[in-house]
Amino acid sequence: MKHTVNSPQARDLRSHLHPFTNLAAHAEVGPSIFTRGEGIHVFDDSGRGYIEGLAGLWCASLGFSEDRLVDAAMRQMKALPFYHNFAHKAVEPAIDLADYLVDKVAAPMGKVFFTNSGSEANDTQVKLVRYYNNILGRPQKKKIIARRGAYHGITLAAASLTGLQYSHNAFDVPLPGFLHVTCPHAYHFARDDESEAEFVARLVSELEQLIETEGPETIAAFIAEPVMGAGGVFPPPRGYFEAIQPLLRQHDILFIADEVITGFYRTGGMLGSDTCGIRPDTISMAKALSGGYQPIGAVMITDEIHEALVEGSRRFGLFGHGFTYSGHPVPAAVALETQRIYDADATGAHVGAISPRFQARLRALGRHPLVGEARGVGLIGAVELVEDKAARRNFDPGRKVGAWVVQAAMERGLILRALMNDTVAICPPLIITEAQIDELFDALSAALDDALAVFGPKG
């Protein structure tokens with residue numbers, strides 16, 4: 001595609017290396033440039049508005065024009081635009097945010113460490129797990145178990161946790177010490193003769209066998225998203241986490257809850273762990289922590305884990321981990337204001353009130369001829385497109401049917417995201433109304449009908 005010399009599109013192609021983009025295709029397609037937002041809508045450089053049906057990247061929980069967050073950032077920028085938290089120094093927004101999270105989160109967390117992203121949070125989890133076991137005199141207890149299909153970030157360590165092939169291709173990951181078990185998605189991975197309970201029992205047995213084969217003395221942690229997000233939006237089968245947690249406790253294996261997507265009312269509870277009955281030992285969070293308005297992530301740990309870190313300082317002095325921007329005052333102030341807005345606006349109650357409409361419209365798409373499964377919980381969901389519903393057979397990946405539907409939806413004023421297996425993900429800002437939910441699903445339904453004419457039996 002040709003662009004005017006020195007247009008934003010041309011300069012983007014000249015100078016900008018894009019994340020998570022087909023770089024070869026980008027040279028031909030060029031960028032769509034967005035210039036402003038209002039409520040759940042974003043607007044491109046031609047002035048056209050779109051419903052942002054994935055909350056940007058699962059993060060813009062309060063939409064794109066929340067003045068209270070802008071004001072919080074401005075107040076902090078004027079008071080103290082930057083200071084650090086190294087070497088016994090501190091900034092009040094980081095103190096206040098940590099205190100709020102410790103008091104608010106249901107799991108018994110004692111301390112909060114701040115990062116700049118979810119990837120950094122999970123990278124930090126890996127380092128803390130290793131440090132913790134070294135301090136306890138268990139240097140062999142370092143391996144971490146994740147699930148295939150999981151997304152836990154994209155740094156070297158976080159990408160090693162991630163169970164998606166695109167994050168591994170040519171990057172020489174996973175690194176040693178990272179193990180993966182079966183994705184808990186019954187639609188594809190349950191046997192034809194298995195009930196949901198039998199599927200769960202097999203997954204637990206697989207995990208138990210892996211622990212025994214590797215040696216429980218070598219397994220440090222198990223990491224899981226309460227609802228698997230970027231891998232395809234997979235809610236857990238009933239009884240899955242209830243069965244796994246006693247096994248982990250039996251072998252003194254830490255449970256790391258990755259709440260980067262599921263945290264802060266996305267699934268209904270404040271955290272996805274609340275919705276799914278998880279009692280984690282550590283928690284990773286980011287995204288809706290600040291509503292996406294500022295980059296910030298966090299790791300929450302129990303007092304027991306913190307005491308091991310303190311013992312490390314008794315031995316070595318400095319706790320040698322942190323980032324220049326850990327607890328940066330501006331993102332921390334914005335994240336704290338985000339939490340106050342959730343409380344003042346009763347965001348959890350709002351999600352509880354409108355999610356039945358969201359889920360009803362989502363499940364109705366399961367009847368569409370191209371939809372093999374419609375799945376979700378709270379205000380997150382997905383439809384998986386298939387060539388053969390009865391056989392649960394996906395389209396040839398080379399046909400890129402999911403990407404085609406996403407483009408058709410965009411032409412109808414709705415932005416979504418295509419995931420693996422031609423899955424189309426839906427994760428709107430939490431401030432969406434019932435009328436806007438209908439508008440979103442009307443556009444998606446029309447895009448699916450468009451796709452049926454092209455990819456269906458008569459296409």
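Predicted model: local features only at pLDDT ≥ 70, side-chain atom pairs only at ≥ 80, totals over all residues.

Reader: Why does Glu92 count as exposed?

Author: A residue is exposed over 50% relative accessible area, buried under 20%, and partly exposed in between (1.4 Å probe, protein chains only). Glu92 has 59% relative accessibility, and therefore counts as exposed. Glu92 belongs to helix H5, residues 92-104; helices are DSSP runs of H or I with at least four residues, strands are runs of E with at least two, and both are numbered from the N terminus.

Reader: What makes a negative surface patch of Glu92, Asp96, Asp99 and Asp103?

Author: Asp and Glu count as negative, and these four residues form the patch. Patch members have over 30% relative accessible area and no salt bridge, and like charges are joined within 9 Å. A salt bridge would be a side-chain nitrogen of Lys or Arg within 4 Å of a carboxyl oxygen of Asp or Glu. The place of a charge is taken as CG of Asp or CD of Glu.

Reader: Why is Lys127 called partly exposed?

Author: The relative accessibility of Lys127 is 41%, so this residue counts as partly exposed. Lys127 is part of helix H6, residues 118-135.

Reader: How do you know that the span of helix H13 agrees with its number of residues?

Author: The expected span is 1.5 Å times one less than the number of residues. For the 16 residues of H13 (residues 329-344) this gives 22 Å, and the end C-alpha atoms are 22 Å apart, so the two agree. H13 is also mostly covered, with 13 of its 16 residues buried. Just after H13, Ala346 has a positive phi of about 50°.

Reader: Why is Asp422 called buried?

Author: Its relative accessible area is 10%, so Asp422 is buried. Asp422 sits in the loop between strand S15 (417-419) and strand S16 (423-426). Although not a glycine, Asp422 has a positive phi of about 50°.

Reader: Which residues are joined by a cis peptide bond?

Author: The bond joins Val173 and Pro174, with omega about 10°. Pro174 lies in the loop between helix H7 (156-161) and strand S6 (178-181).

Note on methods
Residues numbered from 1 in each chain as written. Heavy atoms only, no water. Patch = residues over 30% accessible without salt bridge, like charges linked within 9 Å, V, L, I, M, F, W, Y side chains within 5 Å. Areas by Shrake-Rupley, 256 points an atom, 1.4 Å probe, with all protein chains shown as cover.
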